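Visitor: I have just opened this one and would like someone to walk me through it. Could we go piece by piece?

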Amino acid sequence: MIAAEKVSVRRAFTSPSSWIRVVGASVLLIALPFVLRLDGRPHADWLQLFGRFHPVLLHIPIGLIVLLPILEIASAKSPALREAADLVLRAALATALPTLTLGYMLAYGAGDTGPAVSRHMAGAIALCIGLMLCMLTRSAWIAHRQPHVYPVFLAITILILVWTSHQGGSITHGSDYLTHYMPPSVRAALGVNIKDTATPDSFYTHHVYPILDAKCVSCHNASSAKAGLRLDTYDHLMRGGHDGAVISAGKPETSMLLARVTLPTDDKHFMPAEGRTPLTTGEISLLRAWIRAGASPTATTIPGVYIATTPSELPPQPVGDYSALVPEILKMQTGQGAKLVPVSSKPSDGLILRTVDIAPAFGDTQLAAFRKFAPYIVEAELGRTAITDAACETLGAFTHLRALHLEDTQITGTSFPKLVALKELTYLNLNSTKTTPQSVAALKNISQLRHLYLFNTPAQPEQTSTRNAP
Amino acid sequence: MKQHLLCTDCESELDVTHLPIPSDLKREWTAVETRRQFLGRSGKVLGWAALASLLGDARLLGQGSTAKNPALSTRNNLGLPNFAPKAKRAIYLFMSGGPPQIDLLDYKPNLASQYNKDIPDSVRGNQQLTGMTAGQSRFPIAPPHWKFNQYGQTGTWVSDLLPYTARMVDDLTIVKSTNTDAINHEPAIMFMNTGNMNPGKPCLGAWLAYGLGSMNDNLPTFVVLQTKTNPKENNQPVSSRLWSSGFLSSEYAGVGLRSGGDPVLYLADPAGVDREVRRKMLDAVEEINRQTLADVGDPETNARIAQYEMAFRMQASVPELTDLSKEPQATWDLYGPDAKVPGTFSYNCLLARRMAERGVRFTQVYKRGWDVHADVVGMLPVLCQETDRASYALVTDLKRRGLLDDTLVVWAGEFGRTVYSQGGLSAENYGRDHHPRCFTTWMVGGGVRPGITYGETDDYSYNIVRDPVHVRNFNATILACLGMDHNKLTYNFQGLDQRLTGPAPAFVVKDLLA
């Protein structure tokens with residue numbers, strides 16, 4: 001159908017009836033989406049076979065159209081280029097129309113819909129009409145009869161080209177492709193923000209959306225809403241697609257979204273389609289629980305669902321190069337004293353100070369001898385040793401410590417303020433020491449401390465709750 | 001080619017060193033001194049000198065995990081963790097016999113309505129049967145006798161048999177889809193422990209001892225605790241094959257503590273022998289052993305020297321380890337009265353915690369009796385009463401003492417049990433046969449993700465429908481928690497870089513890791 005138009009349009013620019021032909025072709029182009037509506041349903045596969053060449057072909061008209069103003073401007077100096085510009089313009093139109101045809105076949109065949117698809121299509125139609133108008137008005141511009149009409153049309157055509165290409169890019173790469181790595185301030189200035197009913201601290205935002213985003217949104221988004229379904233915002237999720245709602249709040253068994261992801265993987269209705277990574281058991285049970293609890297956009301917790309929140313911990317910081325100290329470390333390992341043991345085969349993981357062999361004989365003076373290794377020690381196992389509160393003074397120099405074991409020692413905690421220097425300390429074991437509630441207060445200033453154990457100390461009296469059988 | 005020693009006119013014997021085989025196989029051949037070789041060579045006194053030098057190399061054959069930091073591997077340590085480990089040590093609660101997952105943790109609400117109906121053939125498929133049920137004409141479904149309830153914030157379903165386990169479900173990593181290749185006890189338990197159904201391979205604990213080394217020179221790296229058997233239960237044998245070091249040096253084998261009386265026999269020196277005399281005696285024995293080592297070059301002599309030394313140190317360390325008099329009252333409140341009786345599962349769990357504190361790398365506690373072919377209704381409450389509170393107590397004790405951060409606890413048997421009844425099914429009782437296709441295990445602590453249930457079985461707890469975890473992958477995951485890459489923890493033996501997970505491909509189940 002479009003091929004027929006193409007032939008008629010090509011010759012339109014010189015013929016006296018060219019205006020009529022252009023108007024006719026434009027009407028046909030504009031009518032196209034109304035005749036063959038993009039209804040979100042896939043059609044014959046052969047359409048896609050050809051349609052998928054659209055992303056290849058489209059670079060040719062883009063290149064030609066961009067070349068056009070360059071030639072026109074340069075032709076002021078060398079008039080020979082004016083001839084070339086004429087050819088380029090014709091070639092641009094001659095390739096733009098098949099590109100549009102293939103693009104339409106692609107969308108119609110695959111059942112693509114969505115605002116970005118519609119905008120891309122409208123832009124492409126406007127672009128073709130713009131090119132035809134350029135062709136019509138160019139001869140008058142060359143003859144200096146209408147010096148402004150052609151340049152204006154050309155400028156508008158190029159603007160349409162930029163906008164249409166961006167819409168096309170959004171379909172392929174996602175609408176946030178360009179803005180994803182923009183600083184938030186720039187994004188805010190551009191107004192790129194998604195407004196949604198879901199609140200930022202809700203269960204939906206924290207746990208449901210990330211699953212949909214990872215497994216579903218690449219096909220169900222603003223740019224390409226397969227089956228008319230978008231899953232990129234809460235509102236769209238609840239609105240559903242062409243086949244109706246996909247979530248029935250409170251009723252997981254009738255929610256189509258759950259049904260489609262739990263079908264046998266070889267079922268043709270199974271989602272995610274086309275061999276994409278299926279949802280895991282955990283993800284499915286999470287979705288099910290959220291739907292059962294009412295699919296709320298604001299609820300922060302769901303009864304029966306417990307998600308262990310791992311407190312944000314500082315990742316292990318690499319220690320420096322201790323190769324100069326290796327002979328001394330080795331000597332220590334073969335001797336009778338405390339040992340320095342590497343955490344792993346990676347030297348930057350640091351060393352563990354291990355005293356368990358000789359714990360009763362390891363006191364404050366022995367600890368002080370390890371001061372020179374302090375920057376490389378990430379864990380100090382001092383449980384059951386003879387160290388006292390004075391050791392905290394030395395330990396303050398162990399700035400890379402992540403874990404410190406002081407259980408079953410004489411520590412009372414009077415020198416805990418010295419430990420504040422341990423900026424990376426996440427674990428501190430004070431079980432069965434004389435640590436008092438007052439000295440524990442000083443530990444609040446160790447910013448990374450996440451695991452503090454005070455079992456069997458004055459600071460935490462023995463728990464008696466386990467005395468009774470359930 | 002060389003002439004046979006005892007036969008002057010027979011054909012010359014083929015010499016292994018001239019065969020077109022890899023050189024490491026030849027070295028191994030020379031390292032393994034069989035009686036025949038010994039007698040064969042004994043005539044050639046001169047040959048010993050050359051042999052000793054060969055064997056000297058052979059001792060270095062086994063490489064540890066590829067240590068990139070070789071300068072700093074410790075003296076008991078052939079390698080180092082491949083990466084920073086989450087867990088430094090592990091405690092493995094082994095439920096020998098095969099606990100019935102359907103009655104404990106794998107909740108199947110639909111079974112109640114299927115009482116005495118036959119399990120569909122489509123479900124049973126081509127599953128091999130044991131000799132015990134192969135003759136049965138029917139496979140009637142036996143729904144669990146006990147009720148299930150949801151517990152914790154995770155809402156995990158747990159049987160009424162496990163009231164204590166129910167309290168800690170939010171901490172556990174429950175795997176409902178563990179599966180094995182063997183259907184009978186001995187191969188299955190070997191497979192679970194050593195990654196191979198045939199005896200002779202090192203077990204998980206030996207691999208860890210070999211790969212990670214000791215943390216405390218005064219205690220064994222790998223300790224085995226057996227629970228005293230309850231004569232009412234159907235006890236399948238466990239043997240030292242399960243904690244053997246296989247082809248690894250005997251130093252890495254599990255050291256079993258006795259389950260009754262003295263944990264280690266002859267721990268105290270006899271009257272008239274003080275520590276000084278004992279030390280001198282051992283030094284003299286060591287000197288003789290070193291001479292033997294220099295003469296013969298058998299690497300096992302090294303192991304013997306190390307074991308004498310370990311025994312000497314254990315004379316001091318074991319009494320302290322097993323002295324429970326300083327345990328606070330909170331311990332007894334938690335573990336219950338059983339923990340005071342040596343040999344009970346509860347006592348062993350308490351001992352396991354004390355060993356974790358004292359730097360024992362791997363403790364394996366065996367509890368036998370889960371082989372409930374008959375009288376499930378009578379036996380399970382006994383078994384659960386023996387193990388449920390103790391398992392909970394161990395995990396809770398480790399947790400409150402800050403040990404669960406770097407200790408991995410594993411609870412597993414060698415296989416599961418069938419949904420259908422073995423023998424007669426009545427409203428009051430039933431039996432369950434072995435089932436290798438799926439069984440439930442759990443892990444908790446360093447390295448694993450708390451509060452998840454992984455894998456799913458079908459409505460009959462017969463087949464896995466999602467996320468299977470094969471024994472090989474289960475073991476690879478345990479190694480990963482301890483910082484070991486199962487593909488790098490190898491030992492060259494019989495021409496193969498042997499590993500716990502075997503030559504078949506295995507992978508770490510990343511979803512189980514924290």
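**A loop residue to begin with**

Guide: A careful place to start is His144(A), which is exposed because 7 other C-beta atoms lie within 10 Å. Please keep in mind that this is a predicted model.

Visitor: Where is His144(A) found in chain A?

Guide: His144(A) is found in the loop between helix H7 (115-142) and helix H8 (149-173) of chain A. Its phi is near 60 degrees, which is a positive value in a residue other than glycine.

Visitor: Okay, and what about Ser432(A), buried or exposed?

Guide: Ser432(A) counts as buried, because 20 C-beta neighbours lie inside 10 Å. Ser432(A) has its place in the loop between E5 and helix H17 (437-442) of chain A, and its phi, near 50 degrees, is a positive value in a residue other than glycine.

Visitor: Which residues does the cis peptide bond join?

Guide: A cis peptide bond joins Met271(A) and Pro272(A), with omega about -5 degrees. Pro272(A) is found in the loop between helix H12 (256-262) and helix H13 (281-292) of chain A, and Thr280(A) lies in the loop between H12 and H13 of chain A as well.

Visitor: How far is Thr280(A) from Val261(A), C-alpha to C-alpha?

Guide: In sequence Thr280(A) and Val261(A) are 19 residues apart, while in space they are 9.6 Å apart, C-alpha to C-alpha. As for its surroundings, Thr280(A) counts as partly exposed, because 15 C-beta neighbours lie inside 10 Å.

Visitor: Changing topic to strands: what is the order of the open sheet in chain A?

Guide: The open sheet has 6 strands in chain A, with the order E1-E2-E3-E4-E5-E6 and mixed pairing. Strand E1 (339-342) and strand E6 (451-453) of chain A stand at the edges with a single partner strand each, so one side of each is left without a neighbour in the sheet. On average, and with direction ignored, neighbouring strands of this sheet are turned by 15 degrees against each other.

Visitor: How many residues of strand E3 in chain A are buried?

Guide: In strand E3 (residues 377-381) of chain A, 5 of the 5 residues are buried, so this strand is largely enclosed by the rest of the structure. Strand E2 (residues 351-354) of chain A is joined to E3(A) by 4 bridges, and the two run parallel, with Ile352(A) standing opposite Glu379(A) in E3(A). E3(A) is also joined to E4(A), by 3 bridges, and these two run parallel; here Glu379(A) stands opposite Ala403(A) in E4(A).

Visitor: Which way do E4 and E5 of chain A run?

Guide: Strand E4 (residues 403-405) and strand E5 (residues 427-429) of chain A run parallel, and 3 bridges join them. One pairing to look for is that of His405(A), whose bridge partner in E5(A) is Asn429(A).

Visitor: Before we leave chain A, what do the buried residues of helix H5 pack against?

Guide: The buried residues of H5(A) pack against helix H6 (80-110) and H8 of chain A. Those buried residues are Pro61(A), Ile62(A), Leu64(A), Ile65(A), Leu68(A) and Glu72(A). The helix itself, residues 59-74 of chain A, has 16 residues and reaches 23 Å from its first C-alpha to its last, close to the 22 Å expected at 1.5 Å a residue.

Visitor: Now chain B. How many helices and strands does it have?

Guide: Chain B has 14 helices and 17 strands, and of its 514 residues 46% are buried.

Visitor: Which residues touch the most other members of the largest nonpolar core?

Guide: That core has 117 residues, and the ones touching the most other members are Leu408(B), Val409(B), Val410(B) and Leu482(B). Helix H13 (residues 376-400) of chain B contributes the largest share of this core, 11 residues. A second, separate core has 42 residues, including Ile62(A), Val88(A), Met105(A) and Cys134(A).

Visitor: Last one: what joins E9 and E10 of chain B?

Guide: E9(B) and strand E10 (residues 432-435) of chain B are joined by 3 bridges and run antiparallel, and the bridge partner of Arg417(B) in E10(B) is His434(B). In strand E9 (residues 416-421) of chain B, 6 of the 6 residues are buried, so this strand is largely enclosed by the rest of the structure.

Terms used. Residues numbered from 1 in each chain as written. Chains lettered and ligands numbered in written order. Predicted model: local features only at pLDDT ≥ 70, side-chain atom pairs only at ≥ 80, totals over all residues. Pairing = 2+ DSSP bridges. Axes fitted to C-alpha atoms, helices over the stretch in contact; angles between N-to-C directions. Buried ≥ 20, exposed ≤ 12 C-beta atoms within 10 Å, placed from the backbone. Core = buried A, V, L, I, M, F, W, Y, C linked by C-beta atoms within 7 Å. Expected span 1.5 Å × (residues − 1). Contact = placed C-beta atoms within 7 Å.
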